[in-house]
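Hello,

Here is the structure for your files. My notes on its salt bridges follow below.

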Amino acid sequence: MVDQLLTDSQLTDAQAMKLALGQAALAGASGEVPVGAVVMKDGILIASGHNAPIANHDPSAHAEMQALRAAALALGNYRLPECELFVTLEPCAMCAGAMLHARLKRVVFGAADPKTGAGGSVIDLFAQAKLNHQTLVQGGILAQECAEMLQRFFRQRRSKSTSSKGLHDEKSVLSSG
């Protein structure tokens, strides 16, 4: 009976990515790039995090790093060998390195990152056979939803930038006349 209850409470990959999307929404709402991450162990949520480098004045405060730190604290160990990390955007090299050091079992990402992705788009740190630990990586889970959230954020950011430039130009025209 207990085993059945545990199985019923385990999340699927898509459900875990939905939780990561929730974290990404929190980041976006606070003006950060909307990337979210969750750490799962045996299909159960252990920790979560979202981008916060601006708020924390910390270039390492990526969603993955926040979630890894929280998971390590929750489990009382910096090694997370039976854990899986779900993140809405393909990890960068810094985050991929931290994931390898944490000895994660698996990393699952949503949208690919053709500019800084270290899970196969630009480089694949997870495929380096010479490293002393191998972490499975899988991309494309809810990729469209993850990409759309990022695209909306940057479209709004560009729109605000363009409209504020327009106001600035209008003010300079008005003040010069």
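**Salt bridges**

Lys18 has a relative accessibility of 45% and so counts as partly exposed (buried is under 20% relative accessible area, exposed over 50%, partly exposed in between, with a 1.4 Å probe and protein chains only). This is a predicted model, in which local features need pLDDT of at least 70 and side-chain atom pairs count only at pLDDT 80 or more, while totals for chains, interfaces and linings use all residues. Residues are numbered from 1 along each chain as its sequence is written, and side-chain values use heavy atoms, with hydrogens and water left out.

Three salt bridges turn up in a search of the whole structure (a side-chain nitrogen of Lys or Arg within 4 Å of a carboxyl oxygen of Asp or Glu).

Lys18 pairs with Glu145, with 3.0 Å between the closest N and O atoms. Helices (H or I, at least four residues) and strands (E, at least two) are DSSP runs, numbered from the N terminus. Glu145 is partly exposed, at 32% relative accessibility.

Arg106 forms a salt bridge with Asp13, the closest N and O atoms lying 2.7 Å apart. Arg106 is in strand 4 (residues 106-111) and Asp13 in helix 2 (residues 13-29), 93 residues apart. Arg106 is buried at 14%, whereas Asp13 is partly exposed at 23%.

Arg106 also forms a salt bridge with Glu84, again with closest N and O atoms 2.7 Å apart. Glu84 sits in strand 3 (residues 83-89), 22 residues from Arg106, and is buried at 15% relative accessible area. Through shared partners, Asp13, Glu84 and Arg106 are joined into one network.

Regards
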